[in-house]
Amino acid sequence: MAQVDNSPFSAFGIGNLHSDDLAFYQGFGGLGASYVDPNHINIQNPSSYATLNKATYELGVSAKYFQIGDGSNTETSWIGNLDYIALAFPLLNPINDLLDNTVRDYKYGMSFVFKPHSTVGYDISTLRESPTLGTYQNNFEGNGGLFKLLWGNAMQYKSFSVGANIGYLFGNISAEQRLLFQDSRTVLGNIYASEYNVNGFIWDAGVSYNFVLNKAAVLEDKSA
(Lines give C-alpha, C1' and ligand atoms only; values in the text may rest on other atoms or scores of the structure.)
Protein backbone atom coordinates (compact mmCIF):
# COMPACT_ATOMS: atom_id res chain seq x y z
CA MET A 1 0.00 0.00 0.00
CA ALA A 2 1.93 3.04 -1.23
CA GLN A 3 1.37 6.38 0.43
CA VAL A 4 0.37 9.20 -1.95
CA ASP A 5 -0.07 12.83 -0.92
CA ASN A 6 0.72 16.34 -2.10
CA SER A 7 0.17 18.75 0.76
CA PRO A 8 2.53 21.39 2.22
CA PHE A 9 0.86 20.85 5.62
CA SER A 10 2.27 17.31 5.73
CA ALA A 11 5.73 18.84 6.33
CA PHE A 12 4.89 19.17 10.02
CA GLY A 13 5.24 16.37 12.56
CA ILE A 14 4.46 12.91 11.21
CA GLY A 15 2.34 14.29 8.35
CA ASN A 16 -1.38 14.44 7.67
CA LEU A 17 -3.25 12.07 9.99
CA HIS A 18 -5.82 9.64 8.59
CA SER A 19 -9.20 9.23 10.25
CA ASP A 20 -10.02 5.92 11.94
CA ASP A 21 -13.61 6.19 10.67
CA LEU A 22 -14.24 3.59 7.98
CA ALA A 23 -16.50 4.50 5.04
CA PHE A 24 -19.84 3.77 6.73
CA TYR A 25 -19.02 6.00 9.72
CA GLN A 26 -17.41 8.91 7.89
CA GLY A 27 -20.74 10.70 7.60
CA PHE A 28 -21.31 10.75 11.37
CA GLY A 29 -19.32 13.94 11.98
CA GLY A 30 -16.87 12.25 14.37
CA LEU A 31 -19.62 10.58 16.44
CA GLY A 32 -19.09 7.08 15.04
CA ALA A 33 -17.61 5.81 18.31
CA SER A 34 -21.04 6.10 19.95
CA TYR A 35 -22.83 4.02 17.30
CA VAL A 36 -22.67 0.28 16.65
CA ASP A 37 -24.00 -1.56 13.63
CA PRO A 38 -24.21 -5.37 13.27
CA ASN A 39 -23.14 -5.23 9.61
CA HIS A 40 -20.22 -2.74 9.62
CA ILE A 41 -16.79 -2.59 11.26
CA ASN A 42 -16.22 0.25 13.70
CA ILE A 43 -12.58 0.49 14.82
CA GLN A 44 -13.25 3.76 16.65
CA ASN A 45 -14.97 1.74 19.39
CA PRO A 46 -13.56 -1.82 19.55
CA SER A 47 -16.39 -2.98 21.83
CA SER A 48 -18.59 -2.95 18.69
CA TYR A 49 -16.95 -6.14 17.33
CA ALA A 50 -19.06 -8.25 19.70
CA THR A 51 -22.29 -6.96 18.09
CA LEU A 52 -21.47 -8.22 14.56
CA ASN A 53 -23.98 -10.69 13.09
CA LYS A 54 -21.71 -12.07 10.39
CA ALA A 55 -18.20 -11.99 8.97
CA THR A 56 -17.59 -8.57 7.40
CA TYR A 57 -14.85 -7.54 4.97
CA GLU A 58 -14.28 -3.93 3.97
CA LEU A 59 -11.92 -2.32 1.48
CA GLY A 60 -11.62 1.47 1.31
CA VAL A 61 -10.21 3.72 -1.42
CA SER A 62 -10.23 7.49 -1.72
CA ALA A 63 -9.62 10.23 -4.27
CA LYS A 64 -9.00 13.90 -3.58
CA TYR A 65 -8.91 16.98 -5.78
CA PHE A 66 -7.22 20.03 -4.37
CA GLN A 67 -6.08 23.50 -5.36
CA ILE A 68 -3.18 25.34 -3.72
CA GLY A 69 -2.34 28.99 -4.34
CA ASP A 70 -0.16 31.75 -2.90
CA GLY A 71 -1.97 34.71 -4.45
CA SER A 72 -0.09 34.68 -7.75
CA ASN A 73 0.50 31.00 -8.49
CA THR A 74 -2.00 28.15 -8.41
CA GLU A 75 -1.56 24.39 -8.59
CA THR A 76 -4.29 21.76 -8.92
CA SER A 77 -3.96 18.01 -8.68
CA TRP A 78 -5.76 14.71 -8.18
CA ILE A 79 -4.42 12.12 -5.73
CA GLY A 80 -5.79 8.77 -4.59
CA ASN A 81 -4.92 6.00 -2.22
CA LEU A 82 -6.01 2.67 -0.78
CA ASP A 83 -7.40 3.66 2.61
CA TYR A 84 -7.80 0.43 4.54
CA ILE A 85 -8.34 -3.32 4.52
CA ALA A 86 -10.52 -4.61 7.36
CA LEU A 87 -11.93 -8.00 8.38
CA ALA A 88 -14.12 -8.68 11.42
CA PHE A 89 -16.31 -11.59 12.49
CA PRO A 90 -18.28 -12.99 15.46
CA LEU A 91 -16.61 -15.87 17.31
CA LEU A 92 -19.99 -17.43 18.09
CA ASN A 93 -22.26 -17.93 15.09
CA PRO A 94 -25.45 -15.87 15.61
CA ILE A 95 -27.14 -17.53 12.63
CA ASN A 96 -26.91 -20.97 14.28
CA ASP A 97 -28.27 -19.47 17.49
CA LEU A 98 -31.21 -18.07 15.54
CA LEU A 99 -31.93 -21.41 13.85
CA ASP A 100 -31.67 -23.25 17.17
CA ASN A 101 -33.74 -20.58 18.95
CA THR A 102 -30.86 -20.09 21.42
CA VAL A 103 -30.40 -16.87 23.39
CA ARG A 104 -26.88 -16.23 24.67
CA ASP A 105 -25.86 -13.76 27.36
CA TYR A 106 -22.31 -13.68 25.99
CA LYS A 107 -21.07 -12.70 22.53
CA TYR A 108 -17.51 -12.40 21.18
CA GLY A 109 -15.98 -10.70 18.15
CA MET A 110 -12.57 -10.25 16.55
CA SER A 111 -11.08 -7.95 13.88
CA PHE A 112 -7.98 -7.40 11.77
CA VAL A 113 -7.32 -3.99 10.17
CA PHE A 114 -4.48 -2.62 8.06
CA LYS A 115 -4.51 1.10 7.22
CA PRO A 116 -2.36 4.22 6.86
CA HIS A 117 -1.89 6.29 10.01
CA SER A 118 -0.28 9.38 8.45
CA THR A 119 0.95 10.54 5.04
CA VAL A 120 3.83 12.83 4.08
CA GLY A 121 4.13 14.29 0.59
CA TYR A 122 5.30 17.78 -0.34
CA ASP A 123 7.62 19.55 -2.77
CA ILE A 124 7.99 23.29 -2.08
CA SER A 125 10.33 25.72 -3.86
CA THR A 126 10.95 29.43 -3.24
CA LEU A 127 13.11 31.99 -5.05
CA ARG A 128 14.64 34.95 -3.21
CA GLU A 129 17.08 37.76 -3.89
CA SER A 130 20.15 38.75 -1.86
CA PRO A 131 22.11 42.00 -2.45
CA THR A 132 25.43 40.12 -2.15
CA LEU A 133 24.62 36.60 -3.38
CA GLY A 134 22.01 37.28 -6.03
CA THR A 135 19.18 34.84 -6.62
CA TYR A 136 19.02 31.76 -4.41
CA GLN A 137 16.52 28.93 -4.27
CA ASN A 138 15.14 27.00 -1.28
CA ASN A 139 13.71 23.54 -2.00
CA PHE A 140 11.84 21.46 0.58
CA GLU A 141 10.83 17.91 -0.28
CA GLY A 142 9.46 15.06 1.82
CA ASN A 143 7.62 11.78 1.42
CA GLY A 144 6.64 8.65 3.30
CA GLY A 145 4.24 7.98 6.13
CA LEU A 146 3.18 5.54 8.81
CA PHE A 147 0.97 2.44 8.72
CA LYS A 148 -0.73 0.48 11.46
CA LEU A 149 -1.85 -3.11 11.79
CA LEU A 150 -4.60 -3.66 14.38
CA TRP A 151 -5.93 -6.79 16.08
CA GLY A 152 -9.15 -6.27 18.03
CA ASN A 153 -11.22 -8.38 20.41
CA ALA A 154 -14.52 -7.69 22.13
CA MET A 155 -16.94 -9.37 24.54
CA GLN A 156 -20.59 -8.57 25.19
CA TYR A 157 -22.57 -9.60 28.26
CA LYS A 158 -26.28 -8.90 27.79
CA SER A 159 -26.31 -5.16 26.93
CA PHE A 160 -22.77 -4.27 28.05
CA SER A 161 -19.77 -4.58 25.71
CA VAL A 162 -16.05 -4.06 26.20
CA GLY A 163 -13.23 -4.37 23.64
CA ALA A 164 -9.68 -3.39 22.82
CA ASN A 165 -7.40 -2.93 19.80
CA ILE A 166 -3.73 -3.87 19.97
CA GLY A 167 -1.63 -2.64 17.07
CA TYR A 168 1.79 -2.20 15.55
CA LEU A 169 2.75 1.20 14.12
CA PHE A 170 5.54 1.34 11.54
CA GLY A 171 6.88 3.33 8.61
CA ASN A 172 9.48 5.86 7.55
CA ILE A 173 9.54 9.55 6.66
CA SER A 174 12.26 11.21 4.59
CA ALA A 175 12.87 14.95 4.25
CA GLU A 176 15.36 16.96 2.22
CA GLN A 177 16.18 20.67 2.18
CA ARG A 178 18.34 22.17 -0.60
CA LEU A 179 19.76 25.70 -0.76
CA LEU A 180 21.03 26.62 -4.25
CA PHE A 181 22.77 29.86 -5.22
CA GLN A 182 22.05 30.47 -8.88
CA ASP A 183 24.05 33.67 -9.48
CA SER A 184 27.18 32.93 -7.43
CA ARG A 185 30.00 30.62 -8.51
CA THR A 186 31.96 31.02 -5.28
CA VAL A 187 29.23 29.95 -2.83
CA LEU A 188 28.44 26.26 -2.60
CA GLY A 189 24.91 24.98 -2.23
CA ASN A 190 23.76 23.08 0.81
CA ILE A 191 21.78 19.85 1.09
CA TYR A 192 20.35 18.63 4.40
CA ALA A 193 18.61 15.25 4.36
CA SER A 194 17.03 13.27 7.18
CA GLU A 195 15.11 10.02 7.47
CA TYR A 196 13.00 8.80 10.37
CA ASN A 197 12.07 5.18 10.95
CA VAL A 198 9.16 4.69 13.31
CA ASN A 199 7.91 1.50 14.94
CA GLY A 200 6.14 0.66 18.16
CA PHE A 201 3.04 -0.81 19.74
CA ILE A 202 -0.23 1.07 20.20
CA TRP A 203 -3.51 0.21 21.85
CA ASP A 204 -6.93 1.61 22.62
CA ALA A 205 -10.08 0.36 24.35
CA GLY A 206 -13.80 1.05 24.30
CA VAL A 207 -17.02 0.23 26.11
CA SER A 208 -20.66 0.53 25.14
CA TYR A 209 -24.05 -0.10 26.69
CA ASN A 210 -27.22 -0.67 24.72
CA PHE A 211 -30.34 0.60 26.48
CA VAL A 212 -33.72 -0.03 24.83
CA LEU A 213 -36.28 2.65 25.72
CA ASN A 214 -39.32 0.84 24.30
CA LYS A 215 -38.38 -2.67 25.36
CA ALA A 216 -41.99 -3.78 25.84
CA ALA A 217 -42.90 -2.77 22.27
CA VAL A 218 -39.85 -4.58 20.88
CA LEU A 219 -40.75 -7.80 22.71
CA GLU A 220 -44.31 -7.50 21.48
CA ASP A 221 -43.12 -7.18 17.85
CA LYS A 222 -40.90 -10.24 18.21
CA SER A 223 -43.72 -12.35 19.61
CA ALA A 224 -46.18 -11.28 16.92
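View 1. Met155 is partly exposed, with a relative accessible area of 33% (buried is under 20%, exposed over 50%, partly exposed in between; 1.4 Å probe, protein chains only). Met155 lies in strand 5; strands are DSSP runs (E, at least two residues), numbered from the N terminus. The model is predicted: local features need pLDDT of at least 70, side-chain atom pairs pLDDT 80 or more, while totals for chains, interfaces and linings use all residues. Residues are numbered from 1 along each chain, and side-chain values use heavy atoms, without hydrogens or water.

The nonpolar patch covers about 1,100 Å² and includes Met155, Tyr157, Phe160 and Tyr209. Patch residues have over 30% relative accessible area and no salt bridge, with nonpolar side chains joined within 5 Å. A salt bridge is a Lys or Arg side-chain nitrogen within 4 Å of an Asp or Glu carboxyl oxygen. Strands 4, 5, 6 and 7 each supply at least two patch residues.

View 2. Strands 5 and 6 run antiparallel, joined by 22 bridges (pairing needs at least two DSSP bridges). Gly144 has Ile173 in strand 6 as its bridge partner. Two residues separate the strands of this hairpin; Lys158 in the turn has a positive phi of about 55 degrees. Strands 6 and 7, also antiparallel, share 20 bridges. Phe160 stands opposite Tyr209 in strand 7.

**View 3. The largest nonpolar core.** This core has 12 residues, among them Leu22, Tyr84 and Leu150. Core members are buried Ala, Val, Leu, Ile, Met, Phe, Trp, Tyr and Cys residues joined through side-chain atoms within 4.5 Å. Strand 3 gives the largest share, three residues.

Methods:
Patch = residues over 30% accessible without salt bridge, like charges linked within 9 Å, V, L, I, M, F, W, Y side chains within 5 Å. Areas by Shrake-Rupley, 256 points an atom, 1.4 Å probe, with all protein chains shown as cover. Helix = DSSP H or I, 4+ residues; strand = E, 2+ residues; numbered from the N terminus.
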